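Below are some questions and answers about a protein model. Please look at the structure before reading on.

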Amino acid sequence: MTQTQSPETSRSPEFRLVQVALGGLRQELFHDAFAYRPLPRMDVNSGPTRFLPERIRAYAGLLPHAVVAFAALIVFMVGLARYSGAIGPIGLVSALAPAVIVLLTLVRPVLSFWASLGTTPFIGYLSGFLSGWPWAANSFAAHLVVLAVVAARTRPRTAVWMWIGTAGYAVFAETFLGMGSGTDAIPMLFVAALVLLTVTVFQVRRQATREVTAQQTVTAQERSKRTLLEERTTIARELHDVVAHHMSVVAIQAEAAPYRVENPPPELEQAFLTIRENAVAALTELRRILGVVRAEDYEAPEAPQPTLADLDALVGNVREAGLDVEKTVTGAVRELPQGVELSAYRIVQEALSNVLRHAPGAAAKVEVSYVLGGLGLRVANGPARGLVNPTRRPTTTPQGGLRPPRSMGAGHGITGMRERVTMLGGEMTAEATDDGGYEVTAFVPVSREDIREGAGQ
């Protein structure tokens with residue numbers, strides 16, 4: 001049984017290549033011939049124009065339009081220069097038409113190319129072959145301007161098709177319409193090739209720059225999203241211990257509650273049994289979740305998660321690293337929920353780490369304020385004054401010491417601090433100070449119920 005091939009597959013590769021090429025020609029120079037594409041304003045927010053005054057910059061965006069209009073004026077003057085005496089209607093038309101075609105590139109670029117080719121023989125006849133054939137002097141200049149503007153406003157392959165079209169017209173005019181002794185077809189094709197090549201190189205370079213900028217923007221956005229997910233994963237891992245502790249307490253209390261009541265009813269025993277089973281099941285699910293968010297190189301902490309009571313050890317480690325730190329506590333010190341204490345400790349830890357990295361030799365202040373309705377934090381430092389002694393390295397305490405979580409300290413610690421504050425429903429600011437330093441402030445709301453729960457932990 002023989003298989004029949006479709007006409008598409010039976011054609012030779014050469015034929016398909018020609019078909020693709022002709023399809024490109026049809027798309028570039030025929031399909032979009034009458035497309036209305038006004039020349040956009042130039043971007044004045046980049047390049048040298050961004051340094052211009054605001055009033056001048058408002059008009060600087062019209063610079064490309066002004067250049068095309070100036071080129072049209074030059075073409076018109078070249079057309080008038082051929083006439084030594086009074087110019088009649090025919091001379092005016094032959095001088096004005098190429099200039100109008102140049103202005104047409106501002107709104108219909110592809111159509112202006114065809115108009116330039118189509119009017120060239122008529123301009124040559126009207127000019128009486130005074131300046132060469134098949135292009136008159138003004139048509140020669142106008143066609144080069146049209147090629148440059150259209151190539152700058154379209155895709156690079158359009159430049160190739162325009163040069164081929166120009167060469168085809170030159171051959172046709174020389175063969176069938178040639179009436180003068182001289183010819184300017186070869187100079188036209190040579191200069192046109194140089195113009196189109198130059199414009200195409202700049203266009204490709206500009207397009208590559210745009211693509212690189214767009215890719216960098218996308219990469220930066222993806223990196224920001226990845227950083228945010230890493231910070232949230234770190235917070236989830238740390239809070240796992242806090243939540244697991246609460247669930248363990250619930251399970252133990254539910255198991256021991258029936259023994260505290262003499263002759264408890266069966267309904268009460270069953271209720272506490274159900275509570276314990278649910279608490280154990282929740283602990284199991286928490287361990288599974290931790291396994292999902294745990295990094296490959298994650299090591300479970302052997303010591304309890306740090307709290308605000310461990311700030312003194314943290315400040316001591318920072319001082320050993322060569323940083324002058326002053327700690328101040330205001331308000332009535334009270335025990336807060338573990339999640340709040342852990343997040344507050346990490347915020348101060350990361351802020352001090354940033355001072356060590358970005359402001360060596362600066363003095364830092366840590367303020368912890370126990371206020372009505374919440375906890376206030378402030379870590380401020382002055383300007384950098386020198387290098388920290390490289391022989392003195394920060395040590396690590398069992399609670400994490402100076403060393404921040406793995407995702408912190410990699411250039412996006414502010415993101416981690418902000419995520420912790422947002423998770424607790426608080427507010428945070430991180431900004432430079434007038435004296436050249438930096439300040440991080442945060443407020444975490446804590447209700448009275450949360451304080452009582454924290455005290456009972």
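A pocket is an open set of points on a 1 Å grid with protein on both sides within 12 Å along at least five of seven lines, and its lining residues have an atom within 4 Å of a point. The model discussed here is predicted.

Q: Which residues lie nearest the centre of the largest pocket?
A: The largest pocket holds about 930 Å³ of space. Its lining is made up of 24 residues. Those nearest its centre are M42, P64, A152, R206 and R210.

Q: Which helix gives the most to the lining of the largest pocket?
A: At least two lining residues come from each of α4 (63–80), α7 and α9 (185–256). With 8 residues, the helix that gives the most is α9.

Q: How many residues of α7 are buried?
A: A residue counts as buried when its relative accessible area is under 20%. In α7 that group includes F140, L144, L147 and V150, and also H143 and R153. Helix α7 is largely enclosed by the rest of the structure, because the number of its 17 residues that are buried is 12.

Q: How far apart are the end C-alpha atoms of α7?
A: Helix α7 covers residues 137–153, which is 17 residues. At 1.5 Å a residue, the helix should span 24 Å. The model agrees with this, since the end C-alpha atoms are separated by 25 Å.

Q: What is the volume of the largest cavity, and which residues line it?
A: The structure holds 1 cavity of 30 Å³ or more. Helices α5 (89–104), α6 (109–126) and α7 each supply at least two residues of the lining of the largest cavity. The volume is about 40 Å³, and the lining residues are P98, I101, S116, T119, T120, S139, A142 and H143.

Q: Is E419 buried or exposed?
A: E419 lies in helix α13, residues 413–423. Leaving out residues up to four places away in sequence, E419 touches L228, R232 and I235. The relative accessibility of E419 is 16%, and the cut-off for burial is under 20%. E419 therefore counts as buried.

Q: What separates the C-alpha atoms of G165 and L29?
A: G165 is placed in helix α8, residues 156–176. At 25% relative accessibility, G165 counts as partly exposed. G165 and L29 are 136 residues apart along the chain, and their C-alpha atoms are separated by 9.6 Å.

Q: How far apart in space are Y125 and S94, C-alpha to C-alpha?
A: Y125 belongs to helix α6. With a relative accessible area of 36%, Y125 is partly exposed. In sequence Y125 and S94 are 31 residues apart, while from C-alpha to C-alpha the distance is 9.3 Å.

Q: Is I252 buried or exposed?
A: I252 is found in helix α9. Its C-alpha atom is 9.7 Å from that of V280, which is 28 residues away along the chain. The relative accessible area of I252 is 56%, and the cut-off for exposure is over 50%. I252 is therefore exposed.

Q: What share of the contacts with a separation of 6 or more joins residues 24 or more positions apart?
A: The protein chain has 14 helices and 5 strands. Of its 457 residues, 37% count as buried. Among contacts with a separation of 6 or more, the share from residues 24 or more positions apart is 73%.

Q: How much of the accessible surface belongs to carbon and sulfur atoms?
A: The accessible surface of the protein chain comes to about 26,700 Å². The part that belongs to carbon and sulfur atoms is 61%.

Q: Over which residues does pLDDT stay under 50?
A: The protein chain averages a pLDDT of 78, and 76% of the residues score at least 70. Where pLDDT is low, the predicted coordinates should not be read in detail. The model has 59 contacts beyond four places in sequence for the stretch with pLDDT under 50, which is residues 388–411.

How values were computed:
Residues are numbered from 1 along each chain as its sequence is written. This is a predicted model: local features need pLDDT of at least 70, side-chain atom pairs count only at pLDDT 80 or more; totals for chains, interfaces and linings use all residues. Side-chain values use heavy atoms; hydrogens and water are left out. Helices (H or I, at least four residues) and strands (E, at least two) are DSSP runs, numbered from the N terminus. Buried means under 20% relative accessible area, exposed over 50%, partly exposed in between (1.4 Å probe, protein chains only). Contact means heavy atoms within 4.5 Å. Accessible areas come from the Shrake-Rupley method with a 1.4 Å probe; for residues, only the protein chains shown count as cover. pLDDT is the predictor's confidence in each residue, from 0 to 100. The expected span of a helix is 1.5 Å times one less than its number of residues. On a 1 Å grid over the protein atoms alone, a cavity is a set of points where a 1.4 Å probe fits but cannot get out, and a pocket is an open set with protein on both sides within 12 Å along at least five of seven lines; lining residues have an atom within 4 Å of a point. Grid points are joined across faces, edges and corners, and a volume is the space filled by probe spheres set on the points.
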